[in-house]
Amino acid sequence: MSFIMNNKVANKLFEIADLLELKGSQFKPRAYRRAAQNIVNSSTDIIESYENDKLQEIEGVGESIASKVREIIETGSLEYLEDLRKQFPEGLQEMMDIQGLGPKSLMKLYKELNIKNIEELEKAAKNKKIREIEGFGEKSEKNILKNINMYKKFQERFLLGNILPIAKKIESKLSELEEVERINLAGSIRRMKETIGDVDILIISTNPDKVMDYFTGLEEVERVVSKGHTRSTIITANKLSIDLRVVEAKSYGSALQYFTGSKEHNIKLRSIALDKNWKLSEYGLIDKDSMDTIASEQEKDIYSSLELDYIEPELREDRGEIEAAREGKLPQLIKIEDIQGDLHIHTKWSEGSNSIEEMAQAAKKKGYKYLAICDHAETLQVASGLTSEEIRTQMKEINQVNKNIEGITILSGIEANIDSEGNIDVKKKILKDLDVVLASVHSGFKSSEKKMTDRIINAMHNDYIHILGHPTGRMLNKREPYSVNLKKVFEAAEDLGIILEINAFPERLDLNDVNCKNAKNYDLLMCINTDSHHVEHLRFMEYGIATARRGWLEPKNVANTLDLKELRKLL
DNA sequence: GCCGTTTTCGGCCCGACTGTTTTCAGTCG
């Protein structure tokens, strides 16, 4: 949920963890990070927990952190953090994001060379000052320079939609190698996270050295960061870091589990293993006394040995999935095959690239039973929105296409624009003749939370609107979500029967995973749309499905799993 | 700093790789 205070509090706790790490504390940073992570993942507004005096019910929050949270909520700042900040120069924190430099090295550089920020670090490395310090040498000095460059070049994470095709290509190249018995993408890409820091690939092979040689010699490789018998890391020309791990067949399951993460999910699994006096690593689930292997070949055996139902990769974020797996309460996640059609498609009529017929043929090829053409309406001139007359003409063309194509039904629709008051830029006499009316916000993103929420809810009261498009307006790496009270939007959707969109466009994925999971608590429906502007974009459905799965959604939560007859009834 | 079927103290996830060392500390995932 866009619980602003949750993020605000968590960021402060994360910062404390970083600073305590610089101080050399061993365990406190972990405690602060754990608390912060749980606050971010929580589906409860922390203000609510605060008001009901339930802060300590949040996992990882004890007496001390709870009192700090109270101080942040009451005063907006935290004296403890202010004091910590004063103990270190500002630039030190930023330097922690440079690869290869951790708190120990940074403090040493600060104490010995008075290096306080990235510029000073770069200068010292260039002047060959760093190699003079004990524990550092020529190589580490050169690495520091390389990693400063790397840090400057890509501070943003990659979009899943951009990286998945590249990762799959490299996966298929590696799979051609004779020595590769089995290969899997792992890490955040297997969990289908909306953004990806790097790509993890797992391979079974009895000849790891050959595989590593081939991998580090791929034409995509710009730099080999490290190369070993079980693990190597390369960086491609487009600055994507790829990790390859090679394991034996007998530890395939535990390795896949381990390298898929998330880190938080794995830490919790390991502590469950520890309770049984077992240890869990990439080599298996192993009894600490006898050193017998309890499970290792199959991923599902790891979970069942820990008395958990199998947890799909998309759920592995420590957002309650482990508890649900223990109680047999995991959701039956939606699959791409459940999708019967796409309800948000653009064509040449507005800013799309293809005709209605071309989009229809491409959708039919995907096995869809229906497709809603929702071009922009009048006021969105930047996207050459349609006038009333044009909408009428387009409806006639849609009728014609429906006569020409069998097996799929094209629905006439519109993506109406919600103006600053919550009015819609299409006349009611047109709206009533359209099959699908989707409404979304395209301007005035900086309104206050109250104004934005009122505006959206006003629009939702329009009798003809079926779907609220990309409900938070965020664009990954580009634009923050607008401030809108989603709780109120969910309540309104429940009352008014409005469907909430999961926009599958790779930079939108809006609603996002966490918001989907929260929306699931209401009696409402969502739908997964690609917002395609080109026939090629229809494949984005995969990312919308991933978001829905990460948001715990089941087919019954999603309107476009319905067949055409049921969908028409619903609309 | 948190937590508890080892419950108010004493633990806290685990292993690979690198670069500096000559047996290991730091960092990463």
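Into which domains is chain A divided? In this predicted model, the assignment gives domain 1 (4–86), domain 2 (91–153), domain 3 (158–247), domain 4 (253–326) and domain 5 (336–570).

The centres of domain 3 and domain 4, taken over C-alpha atoms, are 23 Å apart. Their contact draws 11 residues from domain 3 and 10 residues from domain 4. On the domain 3 side, at least two residues each come from strand 2 (182–186), helix 11 (187–190), strand 4 (199–204) and strand 7 (241–247). Helix 11 gives the most to that side, with 3 residues. By class, the side of domain 3 that touches domain 4 comprises 4 nonpolar, 3 polar and 4 charged residues.

Let us turn to the DNA. The surface near DNA strand B has 17 polar, 13 charged and 10 nonpolar residues. Among the elements that each supply at least two of its residues are helix 4 (63–75), helix 7 (103–113), helix 9 (138–153) and strand 5 (221–227). The largest share, 5 residues, comes from helix 14.

Helix 2 (28–41) also supplies at least two residues of that surface. Its buried residues are Pro29, Tyr32, Arg33, Ala35, Ala36, Gln37 and Ile39. The cover over these buried residues includes helix 1 (4–23), helix 3 (46–51), helix 4 and helix 14. As for its length, at 1.5 Å a residue the 14 residues of helix 2 should span 20 Å, and this agrees with the 20 Å between its end C-alpha atoms.

Methods: Residues numbered from 1 in each chain as written. Chains lettered and ligands numbered in written order. Predicted model: local features only at pLDDT ≥ 70, side-chain atom pairs only at ≥ 80, totals over all residues. Helix = DSSP H or I, 4+ residues; strand = E, 2+ residues; numbered from the N terminus. Nonpolar A, V, L, I, M, F, W, Y, C, P; charged D, E, K, R; others polar. Expected span 1.5 Å × (residues − 1). Buried ≥ 20, exposed ≤ 12 C-beta atoms within 10 Å, placed from the backbone. Contact = placed C-beta atoms within 7 Å. Domains from an automatic or database assignment.
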